[in-house]
Amino acid sequence: MKRFLIFTALLLSHLANDATPFSDSLMSELNSAVKNATVYDKEKLQEILLLKSLLSKTVHSDLTHLYQINLQLYDAYKYYNYDSAFTYVRKLQNLAEKQDDPSLLADAKTKLVFILLSGGMFKETFDTLNSISIKSVATPVMSEYYSLKARCYYDLADFNDDRFYSPLYNSLANSYIDSAIALFPTGSFDHIFQSSLRDFKRGHLDSSMAKLQTLIYSKKLSYHETALATSMIGGILMKQGQNDLAKDYLIRASIADIKSSTKETLALLYLAGIVFKEGKIRNAAQFIEKANADAAFYNARLRKVQIGAVLPLIEGEMINTIEVQKQRLVTYLVLLGVLTLALAVLALIIRKQVKKLKAARASLLEANLKQQQINQELVSANQMKEQYNAQLSETNQRLVEANDIKEKYNDRLQEINRQLSEANKIKEEYIGYYFSMDTEFIAKIEKLIHTIDKKLPERKWDEIKFLVNSVDLKKEKDDLLKNFDKVFLKLFPNFIAQFNTLFNEEDKIVLKDDQLLTADLRIFALIRLGITDNEKIAEILDYSVNTIYSKKTKIRSKTIIPKEELERKIMEITTLNL
């Protein structure tokens with residue numbers, strides 16, 4: 001019964017509207033990270049408990065030590081939970097006031113600014129900023145102050161998003177970020193990241209991208225630093241309209257955020273929006289729910305507003321998907337009761353396919369007639385050439401020109417004849433091959449229908465199920481590819497040898513004893529037959545377009561000739577037995 005249900009579902013596969021599951025290893029890693037988020041959060045809580053234990057054992061009179069431990073607790077909470085981080089930053093302020101240290105007080109207030117801004121409290125953020133005095137404070141405090149002030153104005157500009165105030169806020173932010181960059185140590189993460197942020201806000205996307213790539217590939221970054229860099233790269237690529245590339249970086253950023261227990265983040269929200277547009281509703285729902293839960297846990301007010309704009313859309317589409325699945329289940333149950341009707345529909349579909357095949361044959365005959373007309377036109381062209389040569393022979397000066405033209409024309413005709421002969425040979429081999437395959441497939445189907453028709457009146461359901469299950473689609477697909485290999489190698493017996501001449505010895509393709517063509521060779525075999533579109537190649541070989549692109553790129557990287565010359569060299573392989 002289970003196999004029968006699967007067969008019935010295949011008959012109605014055109015009703016399916018589920019998103020295609022991701023095959024990319026990064027997406028698999030992200031799904032795993034989402035499932036194990038509680039594990040990473042437990043590790044974060046263990047770190048916090050250890051710090052609280054140290055705090056409880058610290059002498060209350062040791063204000064310096066108390067400040068350092070409270071600072072570590074603040075750092076542990078600042079991306080994890082707003083309320084707890086706010087509690088410890090208030091303790092930092094009290095301790096700084098007790099020590100009467102202006103630099104420490106400025107440091108504590110600066111960290112309060114970060115928490116207020118992360119929580120989406122703009123008024124309180126600017127009130128606190130305006131209360132900070134940075135006279136005679138340490139350089140790290142001053143650089144953090146200016147970078148936060150820049151971020152405040154950038155965020156305010158983005159939040160307002162108008163033509164009058166936003167440019168003013170962005171201008172102020174640019175001046176403050178310049179001051180911050182001048183104070184950060186040259187070559188440090190903060191210096192490079194803030195420089196790339198400045199370039200991004202000023203519209204210098206390529207420069208910003210280059211600096212972020214430098215961070216990713218030349219430095220050992222923490223999870224949070226990785227998330228910042230990759231999330232910003234994703235934002236740049238989204239702004240450039242390259243959502244496919246942006247998705248990979250946003251996935252990396254989301255993984256890093258989850259592993260570092262960062263709850264105040266945008267990467268997962270942006271990623272949910274991209275996969276939603278791709279029609280992958282389940283993934284989008286999973287990511288937006290995680291982002292919403294993180295925002296609620298952190299108490300990030302602005303993030304909750306941003307998520308609230310997207311969440312109803314995804315949830316609504318998810319509800320629609322569930323309704324479609326319910327309707328589909330009802331359809332399947334109805335089909336179980338009308339098996340005879342389903343078989344009749346299958347017979348009609350087969351008959352339609354037969355009609356299409358007949359129409360295709362008629363089209364091929366018509367193409368042959370057109371080809372004969374072309375050949376006749378070529379004959380006429382040859383006759384015209386001879387007449388033209390006779391006229392040109394009247395003068396010696398024009399005879400030289402006529403000979404040159406004739407030689408070029410003959411070379412072109414020979415090339416055309418060679419291409420036509422090659423096309424005819426390919427056409428004859430593959431048409432014969434596919435007619436044979438179609439005839440064999442139709443015979444199998446007709447035999448199956450005939451057998452089922454016999455058994456239906458006798459109500460031999462088990463035997464009918466056995467007959468249906470005996471159809472091995474995977475084997476048919478494998479046989480189709482193997483026969484394709486045989487026909488292709490019959491047409492191009494020296495294809496593999498000539499293909500390998502384009503590579504160094506260690507990069508040449510070596511086939512197994514029972515192997516005709518590898519997956520890589522099939523891609524370039526299709527290219528040799530004139531099929532160059534990646535989507536068409538992916539459809540024929542049952543791969544994703546990304547896989548085809550990746551395999552072609554990998555092969556090009558190993559060739560000893562210029563990469564752009566590879567496909568032209570493939571087309572020059574002409575070892576047909578014409």
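Colour the chain by pLDDT, the predictor's confidence in each residue, from 0 to 100. Helices (H or I, at least four residues) and strands (E, at least two) are DSSP runs, numbered from the N terminus. Next, select residues 1–23, where pLDDT stays under 50. For this stretch the model has 31 contacts beyond four places in sequence, a contact being heavy atoms within 4.5 Å. Over the protein chain, the mean pLDDT is 81, and 80% of the residues reach 70 or more.

Two conventions apply throughout the tour. Residues are numbered from 1 along each chain as its sequence is written, and side-chain values use heavy atoms, with hydrogens and water left out. Because this is a predicted model, local features need pLDDT of at least 70 and side-chain atom pairs count only at pLDDT 80 or more, while totals for chains, interfaces and linings use all residues.

**The whole chain**

Switch to a cartoon view. The protein chain has 25 helices and zero strands. Of the contacts with a separation of 6 or more, 65% are between residues 24 or more positions apart. Of the 578 residues, 39% are buried; buried means under 20% relative accessible area, exposed over 50%, and partly exposed in between (1.4 Å probe, protein chains only). The chain exposes about 33,300 Å², and carbon and sulfur atoms supply 55% of that area. Accessible areas come from the Shrake-Rupley method with a 1.4 Å probe; for residues, only the protein chains shown count as cover.

**The nonpolar cores**

Select Leu30, Tyr67, Tyr74, Leu212, Leu271 and Phe287. In the largest nonpolar core, which has 96 residues, these six touch the most other members. Helix 8 (residues 139–160) gives the most to this core, with 10 residues. A nonpolar core is a set of buried Ala, Val, Leu, Ile, Met, Phe, Trp, Tyr and Cys residues joined through side-chain atoms within 4.5 Å.

Centre the view on Tyr67. Not counting residues up to four places away in sequence, Tyr67 touches Leu92, Leu95, Ala96, Gln99, Leu104, Asp107 and Ala108.

**A patch on the surface**

Show the surface and select Val334, Val338, Leu341, Val345 and Ile349. Together these residues make a nonpolar surface patch of about 400 Å². Patches are made of residues with over 30% relative accessible area and no salt bridge: like charges are joined within 9 Å, nonpolar side chains (Val, Leu, Ile, Met, Phe, Trp, Tyr) within 5 Å. Helix 17 (residues 339–392) gives the most to the patch, with three residues. Val345 is found in helix 17 and, at 40% relative accessibility, counts as partly exposed.

**Salt bridges**

How many salt bridges does a search of the whole structure find? The search finds 26, each a side-chain nitrogen of Lys or Arg within 4 Å of a carboxyl oxygen of Asp or Glu.

Begin with Glu29 and Lys259, whose side chains meet in a salt bridge (3.5 Å, N to O). The pair links distant parts of the chain, with Glu29 in helix 2 (residues 25–35) and Lys259 in helix 13, 230 residues apart. Glu29 is partly exposed at 35% relative accessible area, and Lys259 is partly exposed at 22%.

Move to Glu567 and Lys552, where the closest N and O atoms of the salt bridge are 3.6 Å apart. Glu567 lies in helix 25 (residues 566–571) and Lys552 in helix 24, so the pair ties together parts that are 15 residues apart in sequence. Glu567 is partly exposed, at 23% relative accessibility, whereas Lys552 is buried, at 4%.

Finally, select Asp41, Lys263, Lys290 and Asp294, which are linked in a network of salt bridges.

**Two loop residues**

Select Ser261, in the loop between helix 13 (243–259) and helix 14 (267–277). Ser261 has a positive phi of about 55° although it is not a glycine. Is Ser261 buried or exposed? Ser261 is buried, with a relative accessible area of 2%.

The last stop is Asp542, in the loop between helix 23 (534–541) and helix 24 (545–558). Asp542 also is not a glycine, and has a positive phi of about 65°. At 61% relative accessibility, Asp542 counts as exposed.
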